[in-house]
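Good morning, colleagues. May I ask you to turn to the structure on the screen, beginning with a pair of helices and then moving to a pocket.

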Amino acid sequence: MYKPEHNYYWVWTLLCCLVAGCNKPGSAPGNTTPPAPPPTASGIPYWLTTGDKSNLLSRQTTALDFGSISNSLPVITVDSTHVYQPIDGFGYTLTSGSAQVINQLSPSEKNVLLNELFGSGETNLGINVLRIGIGATDLSAAVYSYDDMPAGQTDPSLLQFSLSPDQSSLIPLLKQIVLINPSIRLLATPWSAPVWMKDNNSAVGGSLLPANYSVYANYFVKYIQAMQAEGLPIYAITPQNEP
């Protein structure tokens, strides 16, 4: 039986560190043996974040009270016999920055990590939705799109479109993940259109020029087709990150 108290906190910490490329404060690099988490009075582990920031993903040691004492708070009734909206799955965002850090692991360490995150065993998380960037994200080592042009030049026919910026790190890692979970759903999101499509020629801020609406639509189509050719079918896209 999978015991969440063994992994939830450390998987969260690991994912945060993978994104930031850091080690847990106070631990030696490479030290992956965590101290035993404190028990709760009720035996149910849980973490708490509060609006006043007095708790920020803090492990709690007080008991969870599931008693019948009435209060004025809203009541959530769970009825497993009535389905309102199905859930496609749960997962995380895999940025090119995270991919670079994961690829620095040894082959055996990387295999253990990917199987723990995406495997279907009882002790694995079984992530089945993964968000990826269409081009660079805010956690990439450099700013890029899949159709970058020299300053002052445009490419409305998208003849220069290429996945090459992610061919060395992100795409190979995605292929490994798909081997572990062939049914994983890839959700793709752009942080910016290619800068020559925008009114400020920058990846930060600005707006898509109306003349490039159809060009940007074709950019999405070429992306989906190119990923499909890599054996990475895109399940869904969003038009923008945090619009």
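In this predicted model, helix α3, residues 107-118, packs with helix α4, residues 170-180, at an angle of about 55°. Their axes lie 10 Å apart. At that angle, α3 is therefore oblique to α4. The crossing in which α3 passes α4 is right-handed.

Which residues meet here? From α3 come Lys110, Leu114, Asn115 and Phe118, and from α4 come Leu173, Gln176, Ile177 and Ile180. By class, the residues of this contact of α3 with α4 comprise five nonpolar, two polar and one charged.

I now turn to the second largest pocket. Its volume is about 380 Å³. How many residues line the second largest pocket, and which lie nearest its centre? The lining consists of 23 residues, and those nearest the centre are Val143, Trp191, Ser192, Ala203 and Val204. Of the residues in the lining of this pocket, 13 are nonpolar, eight are polar and two are charged.

Thank you for your attention.

Methods: Residues are numbered from 1 along each chain as its sequence is written. This is a predicted model: local features need pLDDT of at least 70, side-chain atom pairs count only at pLDDT 80 or more; totals for chains, interfaces and linings use all residues. Side-chain values use heavy atoms; hydrogens and water are left out. Axes are lines fitted to C-alpha atoms, for helices over the stretch in contact, and angles run from 0 to 180 degrees between N-to-C directions. Helices (H or I, at least four residues) and strands (E, at least two) are DSSP runs, numbered from the N terminus. Angles under 35 degrees count as roughly parallel, over 145 as roughly antiparallel, 65 to 115 as roughly perpendicular and the rest as oblique. A crossing is left-handed if the near helix is turned anticlockwise from the far one by less than a right angle, and right-handed if clockwise. Contact means heavy atoms within 4.5 Å. Ala, Val, Leu, Ile, Met, Phe, Trp, Tyr, Cys and Pro count as nonpolar, Asp, Glu, Lys and Arg as charged, and the others, Gly among them, as polar. On a 1 Å grid over the protein atoms alone, a cavity is a set of points where a 1.4 Å probe fits but cannot get out, and a pocket is an open set with protein on both sides within 12 Å along at least five of seven lines; lining residues have an atom within 4 Å of a point. Grid points are joined across faces, edges and corners, and a volume is the space filled by probe spheres set on the points.
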